[in-house]
Amino acid sequence: MIRIEGVNKIYNEGTAQAFDALKSINMQVNKGELIILSGVSGSGKSTLLSLIAGLDKPSSGKIIVNGELISKLPDLHASAYRAETVGVIFQHFNLLESLSVQENVMVPLINSGLGLSVIKEMTQKSMKMSVIEHKATQQISLLSGGEKQRCAIARALVHEPKLILCDEPTANLDRANSLKFIEILHSLHKMGKTIIVATHDPLFEELDFVSKVIAMEDGSIV
Ligand SMILES: Nc1ncnc2c1ncn2[C@@H]1O[C@H](COP(=O)(O)OP(=O)(O)OP(=O)(O)O)[C@@H](O)[C@H]1O
Ligand SMILES: [Mg+2]
């Protein structure tokens, strides 16, 4: 599903502040795998996820997802790739605080060309799967941290992406909410989704459905 070949990422390339954030990364992820990306702060996990998500481009090397060379996609095609294939879950949720849960969850479908009844149906389904359906009409600013995270999950899943990328998804959650998150991840895994989670949460080390742990250090895979 994902092939990464000789990927380098240099921030501020060509300036005195140039920084090698990723160095000669090679990795392969098969369809349906759940990959844990581990490594200390600054090792390059978020950088790698943003390249796979098509949010940024490598300085050199290739990233191929579903047979498509996404490292070379022009911006317009990159956003189409994200809209079709990728769901991203961040540590800080990135929700629109003044809107309701269901409005936030709908956002990725707004430019999809789908009819309103289909959009409502998909939104409902995703909220149900993410155990946040009971708060559908509540404003984000009135939710608990765990509920915000589950709303963010619903938004990431609403367009039914094949690939789900999670960046420190449990960093702001207590143990009970982290375990709920892991339960949702498990059901996504059973559905055959390909999932990459960047985390240093020890809870993920104990999971029996993890396919592979990839450890990063100083921009390299170790
Ligand atoms: N836009 C940027 N410009 C310059 N340097 C950057 C930029 N983004 C990240 N870096 C640097 O690249 C390195 C890798 O950052 P990255 O965010 O990928 O690490 P991380 O493994 O996700 O860390 P954390 O666990 O703290 O989230 C860090 O040293 C960071 O300072
Ligand atoms: Mg990070």
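Analyst: Happy to! Let's begin with what pairing means here: two strands pair if DSSP finds at least two bridges between them. Keep in mind that this is a predicted model.

User: How do you know that strand 3 and strand 9 are paired?

Analyst: Strand 3 (residues 34-38) and strand 9 (residues 212-217) are joined by 4 bridges and run parallel. The cut-off is at least two bridges, so strand 3 and strand 9, with 4 bridges, count as paired. Within this pair, Leu-37 stands opposite Ile-214 in strand 9.

User: What makes strand 9 and strand 10 a pair?

Analyst: Strand 10 (residues 220-221) is joined to strand 9 by 2 bridges, in the antiparallel sense.

User: Why are strand 6 and strand 10 said to stand at the edges?

Analyst: The open sheet has 6 strands in the order 6-7-8-3-9-10, with mixed pairing. Strand 6 (86-89) and strand 10 each have a single partner strand, so one side of each is left without a neighbour in the sheet.

User: How do you know that strand 7 and strand 8 pair in the parallel sense, and what packs on the sheet?

Analyst: There are 5 bridges between strand 7 (residues 163-167) and strand 8 (residues 194-198), and the sense is parallel. Ile-164 stands opposite Ile-195 in strand 8. Helix 6 (residues 175-190) packs on the sheet, touching strand 3, strand 6, strand 7 and strand 8.

Technical notes:
Residues are numbered from 1 along each chain as its sequence is written. Chains are lettered from A and ligands numbered from 1 in the order in which they are written. This is a predicted model: local features need pLDDT of at least 70, side-chain atom pairs count only at pLDDT 80 or more; totals for chains, interfaces and linings use all residues. Side-chain values use heavy atoms; hydrogens and water are left out. Contact means heavy atoms within 4.5 Å. Axes are lines fitted to C-alpha atoms, for helices over the stretch in contact, and angles run from 0 to 180 degrees between N-to-C directions.
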